[in-house]
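Morning, everyone. Let's go through this one together, charges in focus. Here it is.

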Amino acid sequence: QGSSQALPCSCEGPMAAAVGSAFLAPRSGVLAPTTGPEQAPQALPDAAKAGDDLSSALRTALSASAVGFAISLAGFEGSRRSRRRHLTRITRRAGSDAPGRSGAIALKPNMDDVENSVTEFVPKISALQNQAELLRSGELRQVIDTMRSLRKTELSGVFSEVDTLLAALIDAIHGLRDSALTIRKSELREHFEQLDLSGQAGVGRHAVEELESLKGARDDGVETMMEVHVVGLSHHSAPVEVRQKLAVAEAEWNKYSEELVQFARTSNGYVVPEAAVISTCNRFELYFASPEMKKYSAIECVHAFLRQQSGLSREELEPYLFTHTGQEATQHLFEVSSGLDSLVLGEAQILSQVKACHEHAIAKDTEAEDAVPGSGGKIISKMLNAGIRIGKLVRTRTKIGKGSVSVSSAAVELMMSRAMADLRKPSGKVNVSVIGAGKMSRLLLLALFSKHPEISVTLVNRSVDKAQDVLDDDLVKARGGANAKVAGMDQMFEVMKTSDVVFTATGSKVPIIFAKDVEGRDLPLMLVDISVPLNVDAGCAEVDGVFSYSVDDLKKVVQANAQKRQSEVDKAKRIIGEEVGKFKVWQASQGAVPYLAALQAMAENIRRAETEKMSRNLKGLHEKEREAVDKLTRHIVDQLFRPIYYSMKEDEEVGAKKDKIWALKNMFRLEPLYKRGVLTEGTKPAGQLNA
């Protein structure tokens, strides 16, 4: 629509000036601007003598024409960029003035202004195309025709280059004009909005990076901070056959933990400096602590250690392992000690097992030959102790522990619910034998006598005296046992022949009852195995008239109890959540301890050095006066640093605690000082101050 319009001055001036100067330089007499064909031959005599110069001049003209066209486009591009910058400034001012806005601001450019700019651009493209066509068909055509009349063959290549360039320029301009005319409003809006979103994302990333750099470029880890983890198996995830591969007798807990600590030791220190194990009939769990910066290595070390101990491959073991880190690990322990993760919701037996784990973890090295000190350390021991306290607190403030709350009592409930179906007898009329006289058997008798005080029971054990002690226990006698008696292990199979129900709860690591031992019976038999590893071989379940149950079958029994206590779970979890937060604050504050120790050592070195400098002035003091001066300087140092010590104990977010530790480290240029040395064993001693 603007093809017949003259090119505006902003485009015409640079092009005309460039072309004119190209024809006049470098020799003004070679070619002068012409207005018609009849005037061109006046300048040709000199051209005939200087063909080489003419070739150079035409090449210069060609370059100048291209430059002129580029300048014209640059002028438009510059004006377009100017409008874009103006639009961006307006949008930014609008975004900054908007109240309550944070983060990236969605730019909303005025599409009408953009479209108007494109509309104004199209006539200029048309005018530029017209100017190029006039140049090709007018002045340049006259020059080319005149040169051809001189029959200078060496110039034909130059003429062809000039003509080809102008033709290409005209085609390019024409394509640009067509593209501008075919842009639809929706496409334009979508294109610009996409550019805005991309720009905002880029600006947002750069802003975050700049902010982090201002906060002191560092990752989220603090080298002195310890992180807690738990890796293990439980009745929720692993079958009995897998759990018994990792089962550890309580007498071996400390040895097992020590082996893990040594297994994860490297030339740079201990990857897992603290560890404690809980192994029960329903679960196997390893609680351990590691430097925060090495937490992933620590978890992998523990997985490798468990594969070595169990003899299982990665594919066989890891599908059944669970892993919790940090706050999740702490919450898991508190839920375990509160009975929320037990097979029987709210059982109290697990709390006693956590207590035993804590006692083993803090055990000191003794002169006993087989004694192994605990590997709990400060963090794990504190967490286990907190777990014990939370377990008591939850049971005090909720009713989570009411009713049947142990595996042993669940076994009795299973027997009572299946007696008529399996044995065709009421539960109070069956003959019962209990194999083993340990804690589980005692709890089972308590539950059994609570339901049926007069039931017939035979307690079988290797030590008959120990079995009698269990029956003579005050709590057991208070609930029943008038028809209870004891027998030795050599009489076990004879006792089983007259029994309807056999409970097994021994510490044997291999089955003690096999299918051949229960074949050929006239009356049905119920076997309830509450041991891990199993005491009853799996083949017993295939014998006719024998009904075999293991701890996995107890899950069905406890579902009813779990529903009754479910209303108390939410209360318990609220209590646990509050206590987890408190422990995490304490745990984070322990990351400051090595730096506080280094700060204290640095201050003591300075105090001693300054006191030594003043020793000449203190020669006249008596010994007591010197002690008073020494005590005074110590007191001054302690008072100066006391606010820092208290600040690290404040109840605040873990991130804020980390910031404080980093500030302390950088302000005094400290290197951590570990008093126990367990984290840095195998490395050079840590200094107190960077010189």
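One definition before we start: a residue counts as buried when its relative accessible area is under 20%. Keep in mind that this is a predicted model.

Take Arg-283. Its relative accessibility is 3%, so Arg-283 is buried. Its side chain forms a salt bridge with Glu-285, 2.8 Å from N to O. And Glu-285? At 0% relative accessibility, Glu-285 is buried too.

Now the whole protein. Of its 691 residues, 43% are buried. There are 23 helices and twelve strands. The accessible surface is about 36,900 Å², with 53% of that on carbon and sulfur atoms.

Back to charges. How many salt bridges does the structure hold? The count is 26.

Arg-314 pairs with Glu-300 at 3.4 Å, N to O. Arg-314 sits in α11, residues 314-317, and Glu-300 in α10, residues 295-310. Arg-314 is partly exposed, at 36% relative accessibility. Glu-300 is partly exposed as well, at 37%.

Glu-604 and Arg-608 meet at 2.9 Å, N to O. Both belong to α21, four residues apart, about one turn of the helix. Glu-604 is buried at 18%, while Arg-608 is exposed at 52%. The two are part of a salt-bridge network that also includes Arg-607, Asp-630 and Arg-634.

Last, the surface. Which residues form a negative patch? They are Glu-252, Glu-259, Glu-369 and Asp-370. Asp-370 is in the loop between α13 and α14. Its relative accessibility is 69%, so Asp-370 counts as exposed.

Terms used: Residues numbered from 1 in each chain as written. Predicted model: local features only at pLDDT ≥ 70, side-chain atom pairs only at ≥ 80, totals over all residues. Heavy atoms only, no water. Patch = residues over 30% accessible without salt bridge, like charges linked within 9 Å, V, L, I, M, F, W, Y side chains within 5 Å. Areas by Shrake-Rupley, 256 points an atom, 1.4 Å probe, with all protein chains shown as cover. Salt bridge = Lys/Arg side-chain N within 4 Å of Asp/Glu carboxyl O. Lys, Arg positive; Asp, Glu negative; His and termini not counted. Charge placed at Lys NZ, Arg CZ, Asp CG, Glu CD. Helix = DSSP H or I, 4+ residues; strand = E, 2+ residues; numbered from the N terminus. Buried < 20%, exposed > 50% of the residue type's maximum accessible area, 1.4 Å probe, protein only.
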